[in-house]
Amino acid sequence: MVKSAHTPTSRLPEVGTTIFTVMSKLAQEHGAINLSQGFPDFAPDPALADGVAAAIREGFNQYAPMAGLPALREAISTKLADLYGARFDPDNEITVTAGATQALFTAVAALVSPGDEVIVFEPAYDAYVPAIRLQGGIPRFVPLRAPAYRPDWEAFRAALTPRTRMVIINTPHNPTGSIWVAEDMQTLADLLDGSPVVVLADEVYEHMVFDGQRHESVARHPALAARAIGVSSFGKTYHVTGWKIGYAFGPEALMAEFRKVHQFNVFAVNAPAQVAFARVAGEGASWAGLADFYQAKRDRLRGALARSRFRVLPCAGTYFQLVDYAAIDDRPDTEFARWLTTDAGVAAIPVSVFSREASDARIVRLCFAKQDATLDAAAARLCGL
């Protein structure tokens, strides 16, 4: 071990190893079924893997253009127009990124200055707040309350100030599985009307909306699209989270600022993977059936847990299911999640870690992006508690 010559002053003193890494490591150490970290345990479409291999053989092995391969940006533009009725210029309004988290960080870095306030609905994906604080921004929290986790618009109205620069929204929502409906989007648009506030929309689970409902992208709503950066993820859509390919879209003025940061923290994204995605995403609705696929997995897990002492909460989207364990144990959720992993053999994520507001509703998150056999084995263990 190399001894440090000095101790740096941390810019994120409250941040340690993420809960996802902690729980996945604990699951591995104890041989637990890992329903904690949000990644599939099944293979992607072989055509996609073959496409990457073909791109490598064809010589796509050097830097891609900074904004992304033109063919992929055109495919993304076509998709957004087909799904949401908004045409984003592939040359100036779409950027391919090294995963969605990089896109989110880049948007915050590009648009938030020291002293700016950023409204975050929590529970929230854990990458938002560190990105805000690293830019000198000030997060303002609006709580989403269990069990429905719906936006509290009065609380949001109270959080808006002249210093508000950005609002981060996430639908379908990680970790709760809730979704925003058209009325929510209209309310947000009305409340922001006439203000300089920018919306950062995390839409990585856009194709995982269940029970016949639709995803309310900011691209569907002109008043929001004009002030928003939207972010999505090929990794989530095509079961390849480890490839770290995503994209951002938004009006040219915002995207120009986004690219100023993107070119220096990433510059260019994996070229062979971009070629493969351009070919697959350009074939039309290659994501068709994804909602039905994951809804079947959701229903399988929910049906099995109906025989357990867990209370299964609503899940309208994503590939996460929340469960209330109050009838089983009275420990705080962080302690329960650790016990569940080490003693019951199923790894989950405590929901309290997604909030800065002190709360513990005795709820944990399970990921159902798993093979049916994996879900059945986990459910059998959970039903024994």
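This is a predicted model: local features need pLDDT of at least 70, side-chain atom pairs count only at pLDDT 80 or more; totals for chains, interfaces and linings use all residues.

Biologist: What is the strand order in the open sheet of seven strands?

Modeller: The order is 2-8-7-6-5-3-4, with mixed pairing. Helices (H or I, at least four residues) and strands (E, at least two) are DSSP runs, numbered from the N terminus, and two strands pair if DSSP finds at least two bridges between them.

Biologist: Which strands stand at the edges there?

Modeller: Strand 2 and strand 4 (138-143) do, each with a single partner strand, so one side of each is left without a neighbour in the sheet. From one strand to the next, the twist averages 20 degrees; axes here are lines fitted to C-alpha atoms, for helices over the stretch in contact, and angles run from 0 to 180 degrees between N-to-C directions.

Biologist: How do strand 2 and strand 8 pair?

Modeller: Strand 2 and strand 8 (residues 246-249) are antiparallel over four bridges, and Ile 94 has Phe 249 as its bridge partner in strand 8. Strand 6 (residues 198-202) and strand 7 (residues 228-233), on the other hand, run parallel and are joined by four bridges, with Asp 202 opposite Val 231.

Biologist: Are the residues of strand 2 buried or exposed?

Modeller: Both faces of strand 2 (residues 94-97) are covered, with Ile 94 and Val 96 buried on one side and Thr 95 and Thr 97 buried on the other. Buried means under 20% relative accessible area, exposed over 50%, and partly exposed in between (1.4 Å probe, protein chains only). Helix 4 (residues 100-111) lies across strand 2, strand 5 (164-170), strand 6, strand 7 and strand 8, at about 165 degrees to strand 7.

Biologist: Next, what is the order in the sheet of four strands?

Modeller: That open sheet has the order 9-10-13-12, with antiparallel pairing, and its edge strands are strand 9 (311-312) and strand 12 (349-350), each of which pairs on one side only. Strand 10 (residues 320-324) is joined to strand 13 (residues 363-367) by five bridges, and Phe 320 stands opposite Cys 367.

Biologist: Which helix lies across strand 9, strand 10 and strand 13?

Modeller: Helix 12 (residues 290-305) does, running at about 15 degrees to strand 10. Helix 13 (residues 333-344) also packs on the sheet, where it touches strand 12 and strand 13 (contact means heavy atoms within 4.5 Å), and its direction makes about 45 degrees with that of strand 13.

Biologist: On to the rings: how many aromatic pairs does the structure hold?

Modeller: There are 24. Rings of Phe, Tyr and Trp (its six-membered ring) pair if their centres lie within 6.5 Å, and planes under 30 degrees apart count as stacked, over 60 as edge-to-face and the rest as tilted. Trp 153 and Phe 156 are edge-to-face, at 5.4 Å centre to centre and 80 degrees between the planes; both are buried and lie in helix 6 (residues 153-159), three residues apart.

Biologist: Why is the pair of Phe 293 and Tyr 294 edge-to-face?

Modeller: Their planes are at 75 degrees and their centres 5.1 Å apart, so the pair gets that label. Phe 293 is partly exposed at 33% relative accessible area, whereas Tyr 294 is buried at 0%. Ring pairs link both into a cluster with Phe 42, Tyr 205, Tyr 319 and Phe 320.

Biologist: What lies over the face of Phe 320?

Modeller: Arg 365 does, at 3.7 Å from the ring centre; a charge sits over a ring if NZ of Lys or CZ of Arg is within 6 Å of the ring centre and within 35 degrees of the ring normal.

Biologist: And which residues does Gln 274 touch?

Modeller: Not counting residues up to four places away in sequence, Gln 274 touches Ala 64, Gly 68, Leu 69, Leu 72, Val 96 and Val 269. Gln 274 is in helix 11 (residues 271-281) and counts as buried at 0% relative accessibility.

Biologist: Last topic, where is the loop that holds Pro 123?

Modeller: That loop runs between strand 3 (117-122) and helix 5 (128-134), and the peptide bond from Glu 122 to Pro 123 is cis, with omega near 15 degrees. A cis bond also joins Asn 174 and Pro 175, with omega about 25 degrees.

Technical notes. Residues are numbered from 1 along each chain as its sequence is written. Side-chain values use heavy atoms; hydrogens and water are left out.
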